[in-house]
Amino acid sequence: MGLVCSTAQLACLCGSTACSFCCSQCPSCRNSTSTRIMYALLLMLGTIAACITLAPGLQNALKKVPFCANSSNGYVPSQITVDCDSAVGYLAVYRICFILSLYFFLMSVIMIRVRSSQDPRAAIQNGFWAIKYLLIIGGIIGAFFIPERSFGATWMYFGMIGGFLFIIIQLILIVDFAHSWADAWVGNYEESESKGWYAALLGATFFNYAVSIAGAVLLYVYFTHEGICGLNKFFISFNLILCVITSIISVLPSVQEHQPRSGLLQSSVVTLYVVYLTWSGVSNSPDHKCNPGFFGIINGHDVSAQNRVAFDKESIIGLIIWFSCVLYSSLRTASKSSKITMSENVLVQDNGAVRNAGEQSLIGNEDYTKVEGRNHDAEGGSDAKVWDNEEDKVAYNWSFFHLMFALATLYVMMTLTNWYRPNSNLDTLNSNAASMWVKIISSWMCLGLYVWSLIAPTVFPNRDFS
């Protein structure tokens, strides 16, 4: 429903006629939901534009853009040069994501301490979509005139820090998803006592663990060799041991006593994600002998093959996980598990606002009136399709929301470019020791966060986590 409403909201870019027609055809939805989906759509369109610049057929055209055409032998006056045939797509992604992240950072600053939609800044948050799109398109065009020099190398560090911070947010969302999934399925099984739900629980858990084990085996086969690759062996083995310990903790009697619906389903989801992070980390290892990834392609002279590096399996999976988390954070309403997973600050809160005006309800001995939200864009006499549910209190932190999307943009930038380090030798185009450690440390943080979500009610029995 929210997606349909946001599509109608996007039609407002074309004028009031299109908006009136589309809004009359779609169901009503909360303004908070519609706005978040609109920003997710904006981020998605920017990501598609960045992906297009990596298409092999556009490389010759991209070599004519100012930041590439103005570079003679390389991007910086040093002994190390970057072949424009191989890196121009990556540096184009840097510039597109630079403008997108700058826009979201600016919006984050503007929306600091907004308490309700009565604030004058609410119009900036929920409207002016045509102006926003024009500003971003103009900014992206202007970004292609930024001379390379040290721009790429400097912006890479911002991207690495921002990508790492978003991975932390992504961990929170994945742990929350695991708890919500298990809570829903276990609840359905307890209520219906259906063997179908029990079989679904066992099947999903077994599938996740089976894929995780298969992934770990493949990591040993392709990323380790006898007598060498000690660091890769440590990462893979250590993470597997931590996953086993975490799975055991999830079924301990003390944990089950405080969280009877916790179990191996959550642990299997977290284990699968940790195996992915481990794979992503070791694939960025600068040790060529222990990284079978793409070095044979890069060292060759096939430019089209080099330009296809950004569309490897790791990047595709990373983008799928990223988009799922962005969409999850845009649509998901905080649940009782959100206080345990600390995701209540990321997800939409239920602020008690309702749609129907004048409807009377009785709770206990208190009589209250439900108040309908406003819609400034609704024309006289027409029903409000996108209604304001934040007149008294915002349903989410607007400033933090934009900060999260800015970090998500930086994560996309690093994912599309395989955490590429500009101004480096061609034989290290996809190897970056810093990115390897970022992903490995993230896997440890993921397990730590999940273990904390399990033991928190046990450590603090007097605290209300419901």
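# Briefing on a predicted helical and strand-containing model

Glutamine 170 is buried, with a relative accessible area of 0%. The model in which this residue sits is a predicted one, and its protein has 19 helices together with 4 strands. Of the 466 residues of the protein, 50% count as buried, and the accessible surface comes to about 21800 Å², of which 65% belongs to carbon and sulfur atoms. Among contacts between residues at least 6 apart in sequence, 78% join residues at least 24 apart.

**Glutamine 170 and its surroundings**

- Glutamine 170 is found in helix α9, which covers residues 151–192.
- When residues up to four places away in sequence are not counted, glutamine 170 touches Tyr273, Ile321, Trp322, Cys325 and Tyr411.
- One of these contacts is with tryptophan 322, and although glutamine 170 and tryptophan 322 are 152 residues apart in sequence, their C-alpha atoms are 7.6 Å apart in space.

**The pairing of α16 and α18**

- Helix α16 (residues 313–331) packs with helix α18 (residues 398–416) at an angle of about 170 degrees, and the axes of the two helices are 10 Å apart.
- Because angles over 145 degrees count as roughly antiparallel, α16 is described as roughly antiparallel to α18.
- On the side of α16, the contact is made by Ser315, Gly318, Leu319, Trp322, Val326, Ser329 and Ser330, while α18 contributes Met404, Phe405, Ala408, Tyr411, Val412, Thr415 and Leu416.
- Trp322 of α16 and Tyr411 of α18 both take part in this contact, and both are also among the residues that glutamine 170 touches.

**The loop between α6 and α7**

- Arginine 113 lies in the loop between α6 (84–110) and α7 (122–126), and it is exposed, with a relative accessible area of 61%.
- Most residues other than glycine have a negative phi, whereas arginine 113, which is not a glycine, has a positive phi of about 65 degrees.
- Serine 116 also has its place in the loop between α6 and α7, but serine 116 is buried, with a relative accessible area of 11%.
- Leaving aside neighbours within four places in sequence, serine 116 is in contact with Glu390, Glu391, Asp392, Lys393 and Val394.

**The salt bridge**

- The count of salt bridges comes to 1, and arginine 121 forms a salt bridge with aspartate 119, with the closest N and O atoms 3.1 Å apart.
- Arginine 121 counts as partly exposed, because its relative accessibility is 24%.

- Cysteine 229 is placed in the loop between α10 (195–223) and α11, where it is buried, with a relative accessible area of 5%.
- Phi of cysteine 229 is near 60 degrees, which is a positive value in a residue other than glycine.

**A nonpolar patch on the surface**

- Leu231, Phe234, Phe238, Trp437, Ile441 and Met445 form a nonpolar patch on the surface, and together they have about 500 Å² of accessible area.
- Helices α11 (230–250) and α19 (433–459) each supply at least two residues of this patch.
- Phenylalanine 234, one of the residues of the patch, lies in helix α11 and counts as partly exposed, because its relative accessibility is 39%.

Note on methods
Residues numbered from 1 in each chain as written. Predicted model: local features only at pLDDT ≥ 70, side-chain atom pairs only at ≥ 80, totals over all residues. Heavy atoms only, no water. Patch = residues over 30% accessible without salt bridge, like charges linked within 9 Å, V, L, I, M, F, W, Y side chains within 5 Å. Areas by Shrake-Rupley, 256 points an atom, 1.4 Å probe, with all protein chains shown as cover. Salt bridge = Lys/Arg side-chain N within 4 Å of Asp/Glu carboxyl O. Buried < 20%, exposed > 50% of the residue type's maximum accessible area, 1.4 Å probe, protein only. Axes fitted to C-alpha atoms, helices over the stretch in contact; angles between N-to-C directions. Parallel < 35°, antiparallel > 145°, perpendicular 65-115°, else oblique. Contact = heavy atoms within 4.5 Å.
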